[in-house]
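Please look over the following structure with attention to the open spaces at its surface and to the residues that line them.

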Amino acid sequence: MTEMIGTPISLEHKSMLAPKLKSVNIPVSEYSFQNLFLFRGNHDYHVFDRDGFTFIQGTTYDGKTHIMPAADMREVPVETLRALQKNCDFFFPVFEDWAEYFRQYGVNLTYLDGDTDYIYTSVKMSTYAGRKLHKKRNLLKQFTQLYSATAFMITDDNIQDAFYILDEWQKQADLPREETDFKACHEALTLYKELGICGGIYYADKKPAAFILGEELTENTYVMHFAKGLTMYKGIYQFIYNDFASILPKRYEFINFEQDLGSVALRVAKTSYVPDVLVKKYRMTFIQ
């Protein structure tokens, strides 16, 4: 395996790294400090500087070493990228516009479906309009008929209810914690103030039932890092997605539900909402 360079990502990098990533302004979930920090255990993210640019080195889910710049990749000198290629298996995630730009330099481009981000319009999620989403409307209707629902911003006053939901969600997942995103989500709740993550918590008949955690990804896109609901409440996910989309500030035209990581169950679930945009994230190497 390629030797990791730089220092492991930590909260101390937030003040430097977060604004750099946000200024890139692309709807790719990895271009979020919170995402990188929370999933550092899965990807062994390291931060380093080279030729006036900041980079992140990490490991993909399939065990490959990659490098991403904390900048628009097209601004990084090609010579710098070529030199860095010896420190990784490929550059990732390479946004589609960037991939087209680098074709002129002789590159090999591949992508995995499991890396692709699922993006939906806020209007779609707040209405479930159209024939293809009639099942979502039906489940939403069932939930609202069965339960009296209330929603609140996550605060110190109700954070323990969110931890309870997460614990119960983990039990219903019937998988070891190592095979779910329990740890990352638990840390997101623990450090929600420090990380600048916001979200809502939902109650059904005054009992804790679900929560959503996310943040602004670009000027018009909100990224949903975690959505946890207790399936004993039929239609809970259809309800929280619909409600959350309806109360998001209007400037967020899109909601990024992140990737499916190659999980068949996640792919089926995310595809069922009929994504409006599938953001391919390329793996790129220079042809020597």
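## Pockets and their linings

The lining of the largest pocket divides into 20 nonpolar, 17 polar and twelve charged residues, where Ala, Val, Leu, Ile, Met, Phe, Trp, Tyr, Cys and Pro count as nonpolar, Asp, Glu, Lys and Arg as charged, and the others, Gly among them, as polar. This is a predicted model, in which local features need pLDDT of at least 70 and side-chain atom pairs count only at pLDDT 80 or more, while totals for chains, interfaces and linings use all residues. Residues are numbered from 1 along each chain as its sequence is written, and side-chain values use heavy atoms, with hydrogens and water left out.

A pocket is an open set of points on a 1 Å grid over the protein atoms alone, where a 1.4 Å probe fits, with protein on both sides within 12 Å along at least five of seven lines, and lining residues have an atom within 4 Å of a point. Volume is the space filled by probe spheres set on the points, which are joined across faces, edges and corners.

| Largest | about 1,300 Å³ | 49 residues |

Closest to the centre of the largest pocket are Trp-169, Asp-181, Lys-228, Leu-266 and Lys-270. Strand 11 gives the most to this lining, with six residues; helices (H or I, at least four residues) and strands (E, at least two) are DSSP runs, numbered from the N terminus.
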